[in-house]
Amino acid sequence: MEFQKVIESRRSVRKYDPAKKVDEATVKVIIDAAVLAPSWKNFQSARYYVIRSEESLTKFKQACLPPFNANSSADAPVLIITAFVKNSSGFDPSGEPVNELGNGWGLYDLGLHNGILILKAKDMGLDTLVMGIRDADKIREMLSIGDDEMIVSVIALGYGTQEPKMPKRKAAEEIAKFF
Ligand SMILES: Cc1cc2nc3c(=O)[nH]c(=O)nc-3n(C[C@H](O)[C@H](O)[C@H](O)COP(=O)(O)O)c2cc1C
C-alpha cells in the first residue's frame, strides 16, 4: 500500500472478526518491522508480550483490561503487551540519566516502535487498537514481567469489521511554529 494511504487509513478499530485468526509468523513480521525504528544508541529497549491462545486472551481481558477496553478488543485474536527495559534509553553507562527526561526516552523509543508496528499491521491488511487504560500490576503478575521493565500499552491486533471515520486532525499551522 502507498505510504500516505497507510497512514491515512489506519484507525483505532474496536470490533474484530472472530473468524479471522492471526498466526505467529504474521505477528513476528510486524514486530520485526517495529524494531527497524530508531532508538537511543540503538538500545532497542522495547519488549513485546504476545497473547494468542483463547484461554490466555479470555483471562487477560477479564483480569487486566477495564470492561470498555475488554469489549472493544473482545474478538481480537491477538493482544500485544508493550513494555520497555527501564534505565536503558536516556541513561549513560554509569546508570545516570543523561538529561531531565530519564526514562521518558524509553517511552519515546517504544512509541516510535509502536508507531511503526501499527502502520506495518495496516499495510498488511490488519487493524489495531492501542489501549493505555489497563492494569499494569495485574499484567506484570500474569505475564511474569520483571520490575526492570515498564509496562506501557496493550495493542489489540486483528481484522476489523468496522471502518471508523478519521477523528478530526489539527493542521500543521496549529501545532507547528516555523522560524
Ligand atoms: C497512548 C494511547 C492510548 C490510548 N488508549 C486507548 C484506550 O485505552 N481505549 C481506547 O478505546 N482507545 C485508546 N486509544 C485510541 C485513541 O482514542 C485514538 O488513537 C484517537 O482517538 C485517534 O483515533 P484514530 O486512532 O482512529 O486515528 C489510545 C491511543 C493512544 C495513542
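**Notebook: loop, sheet, helices, ligand**

I started at Pro 97, which touches Gly 90, Phe 91 and Gly 102, leaving out residues up to four places away in sequence. I count a contact when two C-beta atoms, placed from the backbone, lie within 7 Å. The model is predicted: local features need pLDDT of at least 70, side-chain atom pairs count only at pLDDT 80 or more, and totals for chains, interfaces and linings use all residues. Residue numbers run from 1 along each chain as its sequence is written.

**Loop between E2 and H5**

I placed Pro 97 in the loop between E2 and H5. Helices (H or I, at least four residues) and strands (E, at least two) are DSSP runs, numbered from the N terminus. Is Pro 97 buried, exposed or partly exposed? Pro 97 is partly exposed, because 14 other C-beta atoms lie within 10 Å. My cut-offs: buried means 20 or more other C-beta atoms within 10 Å of the residue's own, exposed means 12 or fewer, and partly exposed is in between, with C-beta atoms placed from the backbone.

Val 98 is in the loop between E2 and H5. Val 98 has 13 other C-beta atoms within 10 Å, so Val 98 is partly exposed. Val 98 touches Gly 90, Phe 91 and Asp 92, again not counting residues up to four places away in sequence.

I then checked Pro 97 against Cys 64. They are 33 residues apart in sequence and 31 Å apart in space, C-alpha to C-alpha.

**Helix H3**

Cys 64 took me to H3 (residues 54-64), where Phe 60, Lys 61 and Cys 64 are buried. Why are they on the same side of H3? They cover an arc of only 105 degrees around the axis, so they share a side. The arc is taken over directions from the helix axis to the C-beta atoms. Glu 54, Glu 55 and Gln 62 are exposed on the other side of H3. I found the buried residues of H3 packed against strand E1 (46-51), helix H4 (67-72), strand E2 (78-85) and helix H6 (136-143).

**The sheet**

I read an open sheet of 4 strands, in the order E1-E2-E4-E3, with antiparallel pairing. Two strands pair if DSSP finds at least two bridges between them. E1 and strand E3 (127-131) are the edge strands, each pairing on one side only. The twist averages 25 degrees from one strand to the next. Axes are lines fitted to C-alpha atoms, for helices over the stretch in contact, and angles run from 0 to 180 degrees between N-to-C directions. E3 and strand E4 (residues 149-158) pair over 5 bridges, in the antiparallel sense. I noted that Gly 158 in E4 is the bridge partner of Asp 127.

**Helix H5**

H5 (residues 104-123) packs on the sheet and touches E1, E2, E3 and E4. The direction of H5 makes about 10 degrees with that of E4. I listed the buried residues of H5, among them Trp 105, Leu 110, His 113 and Leu 117. The buried residues of H5 also pack against helix H1 (3-9) and helix H2 (24-34). Gly 125 follows H5 and has a positive phi, near 85 degrees.

**Ligand**

Which residues come nearest the ligand? Of the 13 residues around the ligand, Arg 11, Ser 12, Met 131, Gly 132 and Ile 133 do. Near here means a C-beta atom, placed from the backbone, within 6 Å. H4 and E3 are the elements that give two or more residues to the shell. E3 gives the largest share, 3 residues.
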